[in-house]
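Here is a friendly briefing to read alongside the coordinates. Please have your viewer open, and start from the overall picture before moving on to the details.

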Amino acid sequence: MIDKHKIDELLTRGVEKIYPDKSTLEKVLMSGKKLRLYQGFDPTGDKLHIGHMVGLRKLAQWQALGHQVIFLIGDYTAMIGDPSGKLSSRKVLTHEETITNAKNYKKQAGKILRFEGENPAEVLFNGDWLGKLSAVEFLQIAGNLTYSQVIERDMFQERLKLGQEINTSEFLYPVMQAYDSVAMAVDLEVGGRDQMFNMMMGRKLMRQMLKKEKFVMTTKLLEDKQGVKIGKTEGNSIALDDKPEDLFGKIMAFPDEVVTVCFETLTTIPMEEIPKQNPLEDKKRLAFEIVKDLNDANQAKKTQEIWENTFQKKETPEEMIEMRGNTLMDAVVSSGVVSSRADFRRLVKEKAITNLDSGESVSDSNIIPNSGTRLKIGKRRFGRFFNNSS
RNA sequence: GCGUCGAUGGUAGAGUGGUCAAAUACGACACGCUGUAAACGUGUUGCCUUCGGGCUUCGGGGGUUCGAAUCCCUCUCGACGCACCA
């Protein structure tokens with residue numbers, strides 16, 4: 001049974017562009033043909049973040065329509081490092097490191113993508129074929145692409161202009177990624193807009209080696225008005241296995257203008273039901289949906305309540321971590337709430353630490369509060385002090 | 001192999017004997033304004049401190065000097081040029 005509406009959503013929702021073009025792909029899908037498709041994830045870190053979720057959602061949509069989805073782990077490509085969007089080379093990882101990083105990928109991805117039951121998604125590692133290539137074989141593959149095809153890439157051009165280096169490994173990276181498509185003989189590849197170049201190389205390589213046309217679907221990136229990726233800045237990245245409260249809070253800190261695109265790319269709410277009324281309420285709904293999908297509805301409801309009580313009604317949360325020590329400074333630092341004693345002194349000076357029981361800010365770094373005193377440190381950290389000596 | 005240049009804080013990137021815990025920008029943190037928003041403004045941003053100061057940092061090691069991120073030697077890594085290439 002072919003559902004025109006669903007196919008239309010598949011081809012437009014959260015989609016930036018389709019190569020060679022949308023109507024060709026549409027025709028294929030309308031014919032009822034089931035495609036074999038994939039998205040690659042390079043395990044350069046051990047967590048999947050919210051940017052990855054965009055691709056996972058798209059893969060899940062394909063899966064729901066009965067297509068064969070491959071969750072590809074780039075254990076080999078991650079060792080080299082994709083030069084996309086980077087003006088400097090990335091540090092090289094060992095294979096053990098990438099495998100370790102990838103250990104929990106399936107579990108994290110499993111929150112969105114289904115790996116069991118009917119038509120389960122398949123997990124593959126590109127080391128399985130890249131690791132078996134001999135140097136000669138690799139060069140033969142690379143020979144299907146030309147220097148000018150690779151060097152035309154914007155980012156390479158930019159680096160050349162700035163007189164910066166391009167490692168040969170980085171230069172050849174697109175070849176490795178392109179070969180993934182060939183090795184799996186897929187019909188289509190999904191990836192973020194920033195992966196467009198690499199995916200197009202795969203398309204070219206496939207045409208050369210397999211005489212086959214691969215479709216490429218690029219998804220929207222989560223970025224703010226300045227083009228800065230959301231939820232990926234240092235120390236602020238949003239991982240799929242973040243604690244619900246953290247997840248909720250981080251989403252609430254998003255700028256308003258990305259809420260709509262987040263609904264589109266990260267949730268399953270039907271397009272026509274995406275709320276656009278009250279920015280605050282809309283954002284809460286967004287946070288709820290994401291927490292619900294990554295955990296469960298009860299958890300999401302509870303998390304939202306905690307958030308509303310703590311940050312909107314300014315109530316003191318019921319649960320807070322224990323901080324034990326002889327002085328407040330000891331306790332706060334040894335519990336890891338604050339990174340150093342100097343940092344603690346700074347926070348005191350900035351009146352950032354409040355004794356919730358007296359309602360006053362802490363003004364003396366060496367204070368020893370009563371055991372059991374509840375404290376607020378900064379705007380989102382809470383803790384309860386317990387005196388070790390008493 | 002020879003030679004030249006380079007390696008600086010979470011990142012980018014100044015600094016070329018004291019005035020350097022190291023400009024500036026970004027990031028991060030805090031406060032203000034708010035809707036825990038965002039934007040904006042202000043401040044903070046190595047560690048320890050009895051708040052006087054002390055200690056450790058500019059690729060590693062050694063040296064010169066009263067004093068080194070800065071000069072010299074050496075090692076490691078990288079870039080560039082030259083040479084070699086049966």
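Of the 390 residues in chain A, 32% are buried (20 or more other C-beta atoms within 10 Å of a residue's own; exposed means 12 or fewer, partly exposed is in between, and C-beta atoms are placed from the backbone). This is a predicted model, in which local features need pLDDT of at least 70 and side-chain atom pairs count only at pLDDT 80 or more, while totals for chains, interfaces and linings use all residues. Residues are numbered from 1 along each chain as its sequence is written, and chains are lettered from A and ligands numbered from 1 in the order in which they are written.

**Overall fold**
- Chain A has 18 helices and 11 strands (DSSP runs numbered from the N terminus: H or I of at least four residues for helices, E of at least two for strands).
- Among contacts between residues at least 6 apart in sequence, 68% join residues at least 24 apart (a contact puts two C-beta atoms, placed from the backbone, within 7 Å).

**Around RNA strand B**
- RNA strand B is surrounded by 31 residues, the closest being M252, F311, E350, A352 and G378 (near means a C-beta atom, placed from the backbone, within 6 Å).
- Two or more residues each come from helix 13 (244-252), helix 15 (279-294), helix 16 (297-312) and helix 18 (341-349).
- Helix 18 gives the largest share of this surface, six residues.
- By class, the surface holds 10 nonpolar, nine polar and 12 charged residues (Ala, Val, Leu, Ile, Met, Phe, Trp, Tyr, Cys and Pro are nonpolar; Asp, Glu, Lys and Arg charged; the others, Gly among them, polar).

**Helix 14 and helix 15**
- The axes of helix 14 (residues 259-266) and helix 15 come within 10 Å and cross at roughly 25 degrees (axes are lines fitted to C-alpha atoms, for helices over the stretch in contact, with angles from 0 to 180 degrees between N-to-C directions).
- The two helices are therefore roughly parallel to each other (angles under 35 degrees; over 145 is roughly antiparallel, 65 to 115 roughly perpendicular and the rest oblique).
- V259, C262, F263 and L266 of helix 14 meet P279, D282, K283, L286 and I290 of helix 15.
- The residues of this contact divide into seven nonpolar, no polar and two charged.

- In helix 13, the buried residues are P244, L247, F248, G249 and I251, and they pack against helix 15 and helix 16.
- D242 sits in the loop between strand 6 (215-219) and helix 13.
- D242 counts as buried because it has 20 C-beta neighbours inside 10 Å.
- D242 and V186 are 56 residues apart along the chain, and their C-alpha atoms are separated by 33 Å.
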